[in-house]
Amino acid sequence: MVNKRAKFLLIVFTLLFVTLIGYITYTGRTSMEVRVDAYVERSDGMRYPINRAHIVLVALGSDNKPTNIPQLILENDVQEEEFRMAEKRRQLRLERQIGGF
């Protein structure tokens, strides 16, 4: 996986906790997109966002070939919107792949 853009909102100093929270936003036939939000936790106990990434994973079977995965069950409007946005990101990735980016 190659990340073309990375923007950190805050500097993370040593001795601070970094928390990663991820959840699935999209499932295709053999792949899924996971949104990962990164936070720094300061000494006051508050979490502050520092980064967000969308990671695409492909399920592989015992033969190391892509294998089907269960489809995501969308339970509310927020999840449906996340899914729609993930579909757009997927389409952009495919277009970039075709264009050689």
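Predicted model: local features only at pLDDT ≥ 70, side-chain atom pairs only at ≥ 80, totals over all residues.
Helix H1 comprises 23 residues and spans 33 Å from its first C-alpha to its last, close to the 33 Å expected at 1.5 Å a residue.

H1 covers residues 77-99, and Glu82, Phe83 and Ala86 are buried in it. In an α-helix there are 3.6 residues a turn, so residues three or four places apart point the same way. Against what do the buried residues of H1 pack? They pack against S1 and S2.

Is Glu82 buried or exposed? Its relative accessibility is 14%, and because buried means under 20%, Glu82 counts as buried. Leaving aside residues up to four places away in sequence, Glu82 touches Tyr23, Thr25, Arg35 and Arg89.

I turn now to the two strands. S1, residues 17-27, and S2, residues 31-41, run antiparallel and are joined by 10 bridges. A hairpin of 3 residues connects S1 to S2. Phe17 stands opposite Glu41 in S2.

Finally, the surface. Which residues make the nonpolar surface patch of about 240 Å²? They are Val56, Val58 and Leu60. Val56 belongs to strand S3, residues 47-58. With a relative accessible area of 33%, Val56 is partly exposed.

Terms used:
Residues numbered from 1 in each chain as written. Heavy atoms only, no water. Pairing = 2+ DSSP bridges. Helix = DSSP H or I, 4+ residues; strand = E, 2+ residues; numbered from the N terminus. Patch = residues over 30% accessible without salt bridge, like charges linked within 9 Å, V, L, I, M, F, W, Y side chains within 5 Å. Areas by Shrake-Rupley, 256 points an atom, 1.4 Å probe, with all protein chains shown as cover. Salt bridge = Lys/Arg side-chain N within 4 Å of Asp/Glu carboxyl O. Buried < 20%, exposed > 50% of the residue type's maximum accessible area, 1.4 Å probe, protein only. Contact = heavy atoms within 4.5 Å. Expected span 1.5 Å × (residues − 1).
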